[in-house]
Amino acid sequence: MIEAFDYGILESFQQIHNSVLTLFFQFFTWIGEGGAVWIVAGIALLVQKDKRKYGVIVILSLLFCLIFGNGLLKHAVARPRPCWRHPEVEMLISIPTDFSFPSGHTFSSFAAALSITYWNKRYGIAAFLLAVIIAASRMYFFVHYPTDIAAGAVFGSMLAAISIVIVEKLILRSEKGRLLFR
């Protein structure tokens, strides 16, 4: 049942392929590579003294995504990517070599987007829109199942929430934290 759901959505993405969408999604999959756009956002917040706390939250949530998503979950689940199972599908980007579950692009995107929303709701809405486009790009390119995307969104959001709690508790409990972030 889950497999039918996954392939139904992936088939829908395959049917809308065209040169304009391919260029559009290539750009967004590229900026999501390795969490690049989110690392830049986190650093941009870190360098501003009054926003440093929020930069720490973004970077910490991305670090957690790297450890738990790419470091642990991908290897524990070891789910083959759809493009590995269906080599007959024409690939429009390079075939990734790591496992499929969860989507690292989505994991980091939703973690960063929730972290950014904690700082600023308006920028958070833009960040979530960007996160959704990055996540969709991974299905468009047939490298992730929708359930990989959903798991990445849920787990990324959870790790952002944990990062927020950790940083806020450090600020409340530590004089150093107050000096560092305020």
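A disulfide is a pair of cysteine sulfur atoms within 2.5 Å. By that rule, this structure holds zero disulfides. Before going further, please keep in mind that you are looking at a predicted model, in which local features need pLDDT of at least 70, side-chain atom pairs count only at pLDDT 80 or more, and totals for chains, interfaces and linings use all residues. Residues are numbered from 1 along each chain as its sequence is written, and side-chain values use heavy atoms, with hydrogens and water left out.

Let us begin with the overall picture. The protein chain has nine helices and zero strands, where helices (H or I, at least four residues) and strands (E, at least two) are DSSP runs numbered from the N terminus. Read from the N terminus on, the elements run α-α-α-α-α-α-α-α-α. Along the principal axes, the C-alpha atoms of the protein chain fill a box of roughly 60 × 35 × 25 Å. The radius of gyration, taken over C-alpha atoms, can be set against a globule rule of 2.2 Å times the number of residues to the power 0.38. With 182 residues, a compact globule would have a value near 16 Å, and the protein chain agrees with this at 17 Å.

Next, what lies inside and what lies outside? Here buried means under 20% relative accessible area, exposed over 50%, and partly exposed in between (1.4 Å probe, protein chains only). Of the 182 residues of the protein chain, 47% count as buried. Cys65 is buried at 5% relative accessibility, and Cys83 is buried at 4%. The accessible surface of the protein chain comes to about 9,500 Å², of which 71% belongs to carbon and sulfur atoms; such areas come from the Shrake-Rupley method with a 1.4 Å probe, and for residues only the protein chains shown count as cover.

Contacts tell us how the chain folds back on itself. A contact means heavy atoms within 4.5 Å. Among the contacts in the protein chain with a separation of 6 or more, 76% involve residues 24 or more positions apart.

Now to the charged side chains. Side chains of opposite charge can pair when their charged atoms come close. A salt bridge is a side-chain nitrogen of Lys or Arg within 4 Å of a carboxyl oxygen of Asp or Glu, and a search of the whole structure finds six of them. One of these joins Arg79 and Asp6, at 2.8 Å from N to O. Arg79 lies in the loop between helix H4 (52-77) and helix H5 (82-85), while Asp6 lies in helix H1 (residues 2-15), so the pair ties together parts that are 73 residues apart in sequence. Both Arg79 and Asp6 are buried.

Another salt bridge pairs Asp50 with Lys51, whose closest N and O atoms are 3.4 Å apart. Asp50 is exposed at 57% relative accessibility, whereas Lys51 is buried at 19%. Lys74 and Asp98 form a salt bridge too, with their closest N and O atoms 3.8 Å apart. This pair links distant parts of the chain, with Lys74 in helix H4 and Asp98 in the loop between H5 and helix H6 (104-119), 24 residues apart. Lys74 is buried at 3% relative accessibility, and Asp98 is partly exposed at 29%. Salt bridges that share partners also join Asp6, Arg79 and Asp148 into one network.

Leaving aside neighbours within four places in sequence, Tyr140 is in contact with several residues, including Phe13, His17, Phe25 and Leu92. The side chain of Tyr140 also reaches the backbone oxygen of Asn18 at 3.3 Å.

Finally, have a look at some details of the backbone. A cis peptide bond joins Phe101 and Pro102, with omega about -5 degrees, and Pro102 is found in the loop between H5 and H6. Ala78, in the loop between H4 and H5, has a positive phi near 50 degrees although it is not a glycine; Ala78 is partly exposed at 30% relative accessibility. Phe142, in the loop between H7 and helix H8 (146-173), has a positive phi of about 60 degrees and is not a glycine either. Phe142 counts as buried, at 5% relative accessibility.

How values were computed. A polar contact is a pair of N or O atoms within 3.5 Å; within protein, one must be able to donate a hydrogen and the other to accept it, and residues adjacent in sequence count only if both atoms are side-chain atoms.
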